[in-house]
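Please go through the following model chain by chain, starting with the overall make-up and ending with single residues.

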Amino acid sequence: MARRAGRDMLTLRQSLMTMVLLLVATGCSSTGAQVASDRCTGIGLDYVRSGWGGQVQLAATVASDGDGVVTWLTHPGKPVSEVQVTEWQQRGSSLVAVCYYDGDFSSFPGPEEAARNYTRLMLLIPEDGEPIVGSVGPMDAVRPDEGPPVKSTLPG
Amino acid sequence: MPLAWLFGRPGPEGQGSRNRGPNGPGCPGDPERYVAGDIVDPTGRLPLGLMRHGRTDALRRESLDLGEDRVAVGGQRGADHARQPLVTGVTVTRVDKEVSNSAGSSCTTQFAHNANPVFQTQWVLFGGTSNWVEIGTADQCNDYDFMFWGWGQNGAWHLMGTAVNTPGGTASHVFEIFREDIGIAHYWRFKLDGVVKGTLDWNINGTYVEAGLESGDAGAVATQQNYTTLGWFRQSDQKWYLWGGNDGSGVGSAMCGHWAGGAEWHAAQGATC
């Protein structure tokens with residue numbers, strides 16, 4: 001009897017723990033997404049509109065983190081800059097807002113032969129709030145589904 | 001913002017290009033004669049002329065917002081006759097000359113359109129036109145200068161790093177991109193005067209090198225920029241080769257560029273070269 005009660009208590013405790021984790025995860029996901037959105041619509045949008053004009057529009061926001069940026073930087077088939085990888089690794093699970101903006105970004109350089117169809121800019125905005133240029137290019141080459149992934153358990 | 005990137009490549013030789021004058025393609029003082037070919041020009045601006053491989057093409061790149069997009073670059077194809085990709089380095093020796101940019105805003109926002117950037121750049125291109133590595137210096141309004149290095153893949157440009165304040169001064173500096181193979185790694189080193197500024201691991205061979213002046217500021221004045229001791233590295237025999245006098249792009253009404261003897265390219269904007 002006592003052993004069964006103990007098992008029940010253990011099961012109950014595990015269930016409660018799971019629920020707590022789920023609640024925390026859900027709550028944190030929402031908070032992380034909101035923080036990322038705030039950075040992209042605030043700091044990020046101010047940055048791109050002051051530099052590239054008021055017509056620039058926010059296309060997508062992803063709440064990622066330092067490790068997520070590393071995943072993107074080391075994606076198979078992509079050249080790897082080890083210095084950048086190390087820098088983002090140091091940010092670890094710290095929230096990084098990944099902001100995609102649509103507009104005319106043709107002021108970025110490129111070789112004469114390249115199409116330089118720079119219509120989408122991806123900015124990375126870490127905790128310090130300083131926007132960092134990730135990449136710029138055609139919309140079909142700078143896509144949220146190919147950038148740093150969503151991290152659903154980010155703290156706010 | 002609506003964008004209008006327009007491209008035209010007339011087929012028949014001799015069409016669609018600004019004629020070369022005594023000062024090289026596109027230099028001030030030359031007669032302004034253009035054959036637009038099939039180029040569409042909704043803004044009435046002059047087409048951008050391009051001369052390449054001894055035949056003339058026309059390339060038009062226009063942003064309705066930015067205005068006439070201008071470059072003056074020289075290039076060298078480094079493939080052998082079988083078109084095997086062999087290029088694993090590019091070197092340019094030049095003075096990092098100051099550019100007088102138009103007044104703008106957000107002058108310290110790197111690459112910003114409103115900061116009127118002008119670039120002195122060099123590239124190794126890989127095969128087609130969508131992949132490359134690049135190192136250069138940028139001049140923006142209010143004398144904000146920086147150095148940058150990065151790469152392009154599938155038409156998208158990736159910034160690796162920047163350094164505020166460029167070498168400047170009147171001394172020459174060596175800007176170089178060079179691939180060093182260590183084991184299975186292929187490290188492209190981005191160097192200024194022998195100091196590595198960035199490294200990129202990319203197993204790819206180049207087919208073409210290019211260097212020159214690139215401007216998004218129609219009102220900028222860049223006095224003659226001399227790109228000297230132009231070299232490309234050939235992987236197959238592990239040697240540097242000088243290049244010059246082959247491909248050239250002289251463009252727009254305000255820019256000029258021409259080969260000056262051996263391995264030397266001159267370019268300018270709003271000034272003679």
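How many helices and strands are there in chain A? In this predicted model, chain A has three helices and four strands. Read from the N terminus, the order of elements in chain A is α-β-α-α-β-β-β. Chain A has 156 residues, and buried residues make up 42% of them. Among the contacts in chain A with a separation of 6 or more, 69% join residues 24 or more positions apart.

One of the helices of chain A is helix H2, residues 66-73. Six of its eight residues are buried, so H2(A) is largely enclosed by the rest of the structure. The buried residues are Gly66(A), Gly68(A), Val69(A), Val70(A), Trp72(A) and Leu73(A). The cover over these buried residues includes strand S1 (57-65), helix H3 (82-89), strand S2 (95-102) and strand S3 (120-125) of chain A.

Next comes the interface. On the side of chain B, 47 residues are in contact with 36 residues of chain A. Strands S7 (70-77), S9 (118-125), S10 (132-140), S11 (144-153), S12 (156-164), S15 (195-201) and S16 (208-215) of chain B each supply at least two residues of the side that touches chain A. S12(B) contributes the largest share, five residues. Sorted by class, the side of chain B that touches chain A consists of 21 nonpolar, 19 polar and seven charged residues.

S12(B) also takes part in strand pairing across the two chains. Strand S4 of chain A, residues 132-137, pairs with S12(B) in the antiparallel sense over two bridges. Within this region, Val136(A) has Trp157(B) in S12(B) as its bridge partner.

The largest nonpolar core has 86 residues, and Ala97(A), Val136(A) and Val124(B) touch the most other members. S2(A) gives the most to this core, namely seven residues. In soluble globular proteins, nonpolar side chains tend to be buried together. Leaving out residues up to four places away in sequence, Val124(B) touches Val87(B), Val90(B), Trp132(B), Val133(B), Ile177(B), Gly206(B) and Val209(B).

Strand S9 of chain B also holds Gln120(B). Is Gln120(B) buried or exposed? Gln120(B) has 28 other C-beta atoms within 10 Å, and the cut-off for a buried residue is 20 or more, so Gln120(B) counts as buried. Beyond its neighbours within four places in sequence, Gln120(B) is in contact with Arg94(B), Gly136(B), Thr137(B), Leu213(B) and Gln225(B). Arg189(B) lies 69 residues from Gln120(B) in sequence, with 18 Å between their C-alpha atoms.

Strand S17 (residues 222-234) of chain B pairs with S21(B) in the antiparallel sense over four bridges. Strand S20 (residues 255-259) of chain B pairs with S21(B) as well, antiparallel and over five bridges. In that pairing, Gly257(B) stands opposite Ala267(B). S20(B) and S21(B) form a hairpin with five residues between them, and Gly261(B) in the turn has a positive phi of about 75°.

How much of strand S21 (residues 265-269) of chain B is covered? Five of its five residues are buried. Trp265(B), Ala267(B) and Gln269(B) are buried on one side of S21(B), and His266(B) and Ala268(B) are buried on the other, which leaves both faces covered.

How values were computed: Residues are numbered from 1 along each chain as its sequence is written. Chains are lettered from A and ligands numbered from 1 in the order in which they are written. This is a predicted model: local features need pLDDT of at least 70, side-chain atom pairs count only at pLDDT 80 or more; totals for chains, interfaces and linings use all residues. Two residues are in contact if their C-beta atoms, placed from the backbone, lie within 7 Å. Ala, Val, Leu, Ile, Met, Phe, Trp, Tyr, Cys and Pro count as nonpolar, Asp, Glu, Lys and Arg as charged, and the others, Gly among them, as polar. Two strands pair if DSSP finds at least two bridges between them. A residue is buried if 20 or more other C-beta atoms lie within 10 Å of its own, exposed if 12 or fewer, and partly exposed in between; C-beta atoms are placed from the backbone. A nonpolar core is a set of buried Ala, Val, Leu, Ile, Met, Phe, Trp, Tyr and Cys residues joined through C-beta atoms within 7 Å.
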